[in-house]
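Please look through the sequence and the model shown below. The paragraphs after them go from one part of the chain to the next.

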Amino acid sequence: MTVTGYARTVDIGDGIAPARAGRPTSTSGRPRLRFSGFGMFRAEVDGVTAPLPPITRTMLARLVLARGSLVDADDLYRDSWPDPEPTLRREQRVAVHKRIAELRRHLAAGQITDDTSVLLTERSARTGYRLLLDGDQVDLHIFADLVFRAAAARDAVAVDLLVRALAMWTELPLLGLPDKAFVRDHVSRLTKLRDRACRELATGCRALGRTRNALAVFDCLQAIHPDDTGLRELIEQLYDDPQPVTAIAFNR
């Protein structure tokens with residue numbers, strides 16, 4: 001059985017509700033927004049990928065990864081344009097605003113209400129933007145939430161949450177985006193979370209006598225990512241170590 005197939009059999013038990021973030025963004029019968037970060041970063045409206053130009057797609061990624069936090073317009077410009085000017089003037093800020101308007105046109109199907117967009121403009125001393133989404137609309141957020149929820153759970157529930165999280169790691173995250181600091185930082189953070197999940201899964205499965213489940217997950221990860229030397233070395237370490245590092249000791 002593949003790790004994805006095994007994850008589908010998991011019953012995580014009553015009382016473990018999906019993590020949520022932000023505000024509701026859709027109602028019954030209304031088109032649905034989803035954002036995929038594993039593999040090529042993309043936005044989907046009713047299952048159709050939004051045709052965003054590279055700069056606009058990078059800007060969207062910056063807002064999605066901020067997870068509802070305010071992103072300054074100047075930061076959006078520096079993080080999204082391939083060769084940003086060292087000093088921002090009106091011309092650059094107008095360019096950001098035009099891209100925001102373009103994003104709103106594509107994301108209009110995911111309005112919170114008829115009059116309020118999921119992409120908000122906030123003005124004080126400086127202009128910034130905030131993208132409000134549910135936690136279950138972004139696969140990268142779901143992955144991170146599952147790992148964090150596992151740390152707060154016990155025994156079989158924790159193991160099953162970790163299996164679900166690692167089943168999502170079918171491709172490297174944030175492919176197709178430029179080599180910007182915010183992209184590198186998030187890929188590094190997600191990779192650390194993946195490695196943490198592997199360590200905690202090994203610990204949990206050993207305690208429950210479910211070592212074969214952990215080995216099946218690790219074998220599947222290695223088959224999907226045969227060139228990931230860091231993953232291979234970690235898994236070899238977990239195979240050889242009778243007492244892998246616990247969740248408390250690993251990067252908590």
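Which residue in E2 does Leu33 stand opposite? Leu33 stands opposite Val45. This is a predicted model, in which local features need pLDDT of at least 70 and side-chain atom pairs count only at pLDDT 80 or more, while totals for chains, interfaces and linings use all residues. Residues are numbered from 1 along each chain as its sequence is written, and side-chain values use heavy atoms, with hydrogens and water left out.

Strand E1 covers residues 33–36 and strand E2 residues 42–45; the two run antiparallel and are joined by 4 bridges. Two strands pair if DSSP finds at least two bridges between them. Helices (H or I, at least four residues) and strands (E, at least two) are DSSP runs, numbered from the N terminus. The hairpin of E1 and E2 has 5 residues between the strands, and Gly39 in this hairpin takes a positive phi near 85°.

The next topic is the aromatic rings. The structure holds 4 aromatic pairs; rings of Phe, Tyr and Trp (its six-membered ring) pair if their centres lie within 6.5 Å, and planes under 30 degrees apart count as stacked, over 60 as edge-to-face and the rest as tilted. One of these pairs is formed by Phe38 and Phe143, edge-to-face, with 5.8 Å centre to centre and 90° between the planes. It links distant parts of the chain, since Phe38 is in the loop between E1 and E2 and Phe143 is in helix H5 (residues 139–152), 105 residues apart. Phe38 counts as buried because its relative accessibility is 5%, and Phe143 is buried at 0%. Buried means under 20% relative accessible area, exposed over 50%, and partly exposed in between (1.4 Å probe, protein chains only).

Phe38 also forms an edge-to-face pair with Trp169, at 5.3 Å centre to centre and 65° between the planes. Trp169 lies in the loop between helix H6 (155–167) and H7, so this pair ties together parts that are 131 residues apart in sequence. At 1% relative accessibility, Trp169 counts as buried.

Helix H7 has 28 residues (181–208) and should span 40 Å at 1.5 Å a residue; its end C-alpha atoms are 40 Å apart, which agrees. The expected span is 1.5 Å times one less than the number of residues. Just after H7, Gly209 takes a positive phi of about 70°.
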